[in-house]
Amino acid sequence: MSILKSRTVLGWIAVFSSAFFLYLSTAAIRWSESRVEIDAAFFLFARYSLGFLVVCTVLLLKGQRPVPKRYHILAARTVFNILAVFFFYKAVVVSTVAEANILNMTYPVFIALFSWFFFNERDPVNIILVLMAFIGIWLIVSPGKISLSADNLWGLASGISACFAIITLDRCREDHDSETILYFMFGVGSLIIYVVFPDRIFIPNLQEFYYLLLSGGFSLIGIYLLTLGFRYVTAVEGAIISSTRIFLAAILGPYIVAESHMSLTGWIGAALIFTANAWLALRKSSSSKSGS
């Protein structure tokens with residue numbers, strides 16, 4: 001096997017593993033529920049503060065310092081990312097881990113939808129894919145019903161917020177390196193979370209600290225593996241493999257967090273969302289190549 005092929009396989013494994021660890025970070029929240037009482041905001045704070053310590057360590061080891069330029073874009077990235085993760089964690093608490101993860105992974109669909117309105121990217125095929133994904137969302141959050149479940153609105157809000165977090169991340173990358181973006185996001189993000197939720201953050205005991213560290217640690221491993229994987233795979237490959245978290249959540253739920261098996265309509269909905277994500281990634285790649 002050539003070195004290039006080996007790196008590609010490494011990239012596939014890293015991106016797939018990142019999906020698994022990001023799922024485990026939410027499973028840890030569910031595991032904690034019967035043992036400790038921790039608000040979603042505290043899990044959010046733990047993720048950001050731990051991330052800030054890791055980024056500071058990396059910068060120190062590299063002998064670098066963050067070089068922020070466009071503060072308003074960094075601020076927008078930070079706020080949207082906080083909202084996306086907070087809504088995601090709230091969805092885990094009030095619904096199922098599977099539904100929360102699947103709805104969080106709808107962000108590529110919302111990017112395509114909002115690009116139609118705000119960036120004049122009016123591709124009729126993309127809108128068809130968006131409609132297909134919305135059918136999938138409906139099958140998951142409201143099978144056989146007319147009204148949406150209020151609990152699942154947290155998951156949808158997570159996907160919408162993540163959409164804007166990704167859009168602002170693309171803008172950030174035009175002027176900033178990864179360490180600067182993460183330093184600002186985790187550092188300022190930790191401060192924002194503490195200011196907004198001071199009554200939900202406290203000095204944890206050993207058991208509480210264990211679950212906070214477990215969830216935060218899994219999420220950071222997932223983020224690191226995702227970053228590593230995207231060095232060796234194409235954007236399309238990375239997007240499609242990342243979307244496998246949709247199926248991981250559906251398959252692992254009964255075994256990892258003792259959730260009931262997903263219904264047939266839920267599986268169809270998950271498949272529609274995954275297909276829309278994969279097809280949108282492929283079309284984005286094709287349009288980028290034709291425009292270059």
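## A loop residue with positive phi

Ala 258 is placed in the loop that runs between helix H11 (245-256) and helix H12 (264-291). In this predicted model, the phi angle of Ala 258 is near 55 degrees, a positive value in a residue other than glycine. Most residues other than glycine have a negative phi. Ala 258 counts as exposed, at 68% relative accessibility.

## Overall fold

The chain contains 12 helices and 0 strands. Its pattern along the sequence is accordingly written α-α-α-α-α-α-α-α-α-α-α-α. The radius of gyration is 19 Å, close to the 19 Å that the globule rule gives for 292 residues, so the chain is as compact as a globular protein of that length.

Along the principal axes, the C-alpha atoms fill a box of roughly 50 × 45 × 45 Å. Of the 292 residues, 49% count as buried. Among contacts with a separation of 6 or more, 87% are accounted for by residues 24 or more positions apart. Val 58 belongs to helix H2 (residues 40-62) and counts as partly exposed, at 31% relative accessibility.

## Aromatic pairs

A search of the whole structure finds 19 aromatic pairs. One of them joins Phe 86 and Trp 154, whose ring centres are 6.3 Å apart and whose planes meet at 90 degrees, so the pair is edge-to-face. Because Phe 86 lies in helix H3 (residues 71-94) and Trp 154 in helix H7 (residues 153-172), the pair ties together parts that are 68 residues apart in sequence.

Elsewhere, ring pairs link Phe 80, Phe 110, Phe 114, Phe 134 and Phe 164 into a cluster.

## Ser 95, between H3 and H4

Ser 95 is located in the loop between H3 and helix H4 (97-104). With 13% relative accessibility, Ser 95 counts as buried. The side chain of Ser 95 reaches the backbone oxygen of Ala 91 at 2.4 Å. Leaving aside residues up to four places away in sequence, Ser 95 touches Arg 30, Ala 100, Asp 151 and Asn 152.

Helix H9 has 24 residues. From its first C-alpha to its last, H9 reaches 34 Å, close to the 34 Å expected at 1.5 Å a residue. At the start of H9, a side-chain oxygen of Asn 205 comes to within 3.1 Å of the backbone nitrogen of Gln 207.

Ser 219 lies within H9 (residues 206-229) and counts as buried, at 0% relative accessibility. The side chain of Ser 219 reaches the backbone oxygen of Gly 216 at 2.7 Å. With residues up to four places away in sequence not counted, Ser 219 touches Phe 21, Leu 22, Ser 25, Arg 47 and Tyr 89.

Definitions and conventions:
Residues numbered from 1 in each chain as written. Predicted model: local features only at pLDDT ≥ 70, side-chain atom pairs only at ≥ 80, totals over all residues. Heavy atoms only, no water. Phe/Tyr/Trp six-rings, centres within 6.5 Å; stacked < 30°, edge-to-face > 60°. Helix = DSSP H or I, 4+ residues; strand = E, 2+ residues; numbered from the N terminus. Buried < 20%, exposed > 50% of the residue type's maximum accessible area, 1.4 Å probe, protein only. Polar contact = N/O pair within 3.5 Å; in protein donor to acceptor, adjacent residues only side chain to side chain. Contact = heavy atoms within 4.5 Å. Expected span 1.5 Å × (residues − 1). Rg over C-alpha atoms; globule rule 2.2 N^0.38 Å.
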